[in-house]
Amino acid sequence: MLYPSEAAADAKHARQMDGFGKPASDSDNDSGEETLESQLDERFSEPFYTGLWAGISFVLSVLVLWNMLMEFVLFEKPERCLTGNAARHEYWPMYTSIFTIVLWAECWSLLLFVWTSIGCDYRKILNIRIDEKNSYVRFAAKLVIMVSLGRWVFNKSQQCKPPFDRLVDTAAYQPLILCFCIAAYVVHRFGCAIPRLILAAVASPFAAAGVTALDAYVGDVLTSLVKPLMWIAYIGCFYGTGELTRPDEFCEEYTFHSDSPLSIGTLTLLFPNVLRIAQTLRQYYDTGNKHPFLTNTGKYLCSLAITLYGLFHRSRQNEITQSHGLAGYWLYIAAMCVATLYSFLWDITMDWNLFTSSGTCLCIPYKNVRMRKRRLLGGLRPYIAASAADFVLRFFYIRNFVPHGSFSFGQKVLDTCSFFAPELEIFRRTMWSVLKMETEQLKADDKAAAAAAASLGGPGPRVDAKAMEDAQPLVTMK
């Protein structure tokens, strides 16, 4: 859904592209042939159809989340009529992981509208070319519809309800069919842009150009998708090795319970934090600034430590619970709290830059602390609400890095909330992205204002707050 920016030599070609990333036709460029009536129809019908698609996807998303709550948390699972080896496996986590990734696509399309409405030039900040944002809403809505219908057909098929009882023999393969349909639609819509985007982020610590803002953002998004990506890896193993036709559970053990550090599940769980650590170390190498880059590395090291400790407690005998040792249980919870507080403080002081002060210790303001006055979202309420939500949801973020089967709260309410940790993290990342982009826009405005004042030879802008992340001041013109 993101396009890497084109080279300067392709700028002319980029201007000749229409909103869907396809070459504009002659009729598109010949505005003189368009009537006023057709222009008005297009202007008012576009928001209507976009809103319609968005409304349908929102309703279906709520229904899927409710279905997850009823069937897999309250254990009101429907009866199944599957037979043979197919009856031995659970398929709902496959649909849940697919839905979570599609949910991010839906939230991304929402972000484009929010960034535009508050005046953030995200194209320039991330250095990317984005298609017309209405098309992203329709794209995400179609993905949600595909997942919702696929899940509904699967439930009817596995229950042998007419007329879907004819599909019972194919029910076990329906998650794979859904994955192929989604992949085909994404490739049709974006080509290889998304894989190229991820590969560029992975290679950024070793690239000559270093780590760009887009590379860092992709790395952050991958940390939010770690659990769904593990299930996608399981789907590939499940169907790729033919486990469906065998009585064993090799892929589940290999993905979620393997002691090998090179198993696909372990590598998937470790990879996002390792990538961000490598990116921040490369940024430190390029700039020589211990803060914020080494201090940011520490944040991801805390999350990585949570994962590594949990990897040694993946068996029922060593699972981190109160019954297996109170000291280890509370020590692990304390470590999770420290990692959570570290990430939360980084969010509000560095990524969002909510406070101004005359003195700081690394990222912690301590002298004459106050909320920054320049805000694109209006009053204080959105920022207070976002900070409170981020504090709570950061606990679910760190929960995603706990290996499967290594830790349990032992309380139904907390374990139920942990079940929704991947979906809650998607919502947190969306909220985080809004305020992160706002901060980057303010920094960009300050640089432009300082450059304009310097070119005119007049008085420079007055510093309003310290942008601690990259030592660029947030300023307000006199």
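**Close-ups of a predicted model**

The structure holds one disulfide, where a disulfide means a pair of cysteine sulfur atoms within 2.5 Å. This is a predicted model, so to speak of local features takes a pLDDT of at least 70 and side-chain atom pairs count only at pLDDT 80 or more, while totals for chains, interfaces and linings use all residues. Residues are numbered from 1 along each chain as its sequence is written, and side-chain values use heavy atoms, with hydrogens and water left out.

**View 1. The whole chain, for orientation.** Before zooming in, here is the overall picture. The chain has 17 helices and eight strands; these are DSSP runs numbered from the N terminus, with helices being H or I of at least four residues and strands E of at least two. Of the 478 residues in the chain, 45% are buried. Buried here means under 20% relative accessible area, exposed means over 50%, and partly exposed is in between, with a 1.4 Å probe and protein chains only. Among the contacts with a separation of 6 or more, 72% are between residues 24 or more positions apart; a contact means heavy atoms within 4.5 Å. The accessible surface of the chain is about 23500 Å², and carbon and sulfur atoms supply 65% of that. Those areas come from the Shrake-Rupley method with a 1.4 Å probe, and for residues only the protein chains shown count as cover.

**View 2. The disulfide between C237 and C251.** The sulfur atoms of C237 and C251 sit 2.1 Å apart. The bridge is left-handed, because the torsion about its S-S bond is about -85 degrees. C237 belongs to helix α10 (residues 226-240) and C251 to helix α11 (residues 250-257), so the pair links distant parts of the chain, 14 residues apart. Both ends are tucked away: C237 is buried at a relative accessible area of 10%, and C251 is buried at 0%.

View 3. C107 is buried, with a relative accessible area of 7%. For C120 the figure is 6%, which also counts as buried.

View 4. P162 and P163 are joined by a cis peptide bond with omega of about -5 degrees. P163 is in the loop between α6 (133-158) and α7 (174-190). Another cis bond joins H291 and P292, this one with omega of about 20 degrees. P292 lies in a helix, α13 (residues 290-311).

**View 5. Positive phi at N127 and N353.** Neither of these is a glycine, yet phi is near 60 degrees for N127 and about 50 degrees for N353. N127 is found in the loop between α5 (122-126) and β2 (128-129). N353 sits in the loop between α14 (326-351) and β3 (355-356). N353 is buried as well, with a relative accessible area of 1%.
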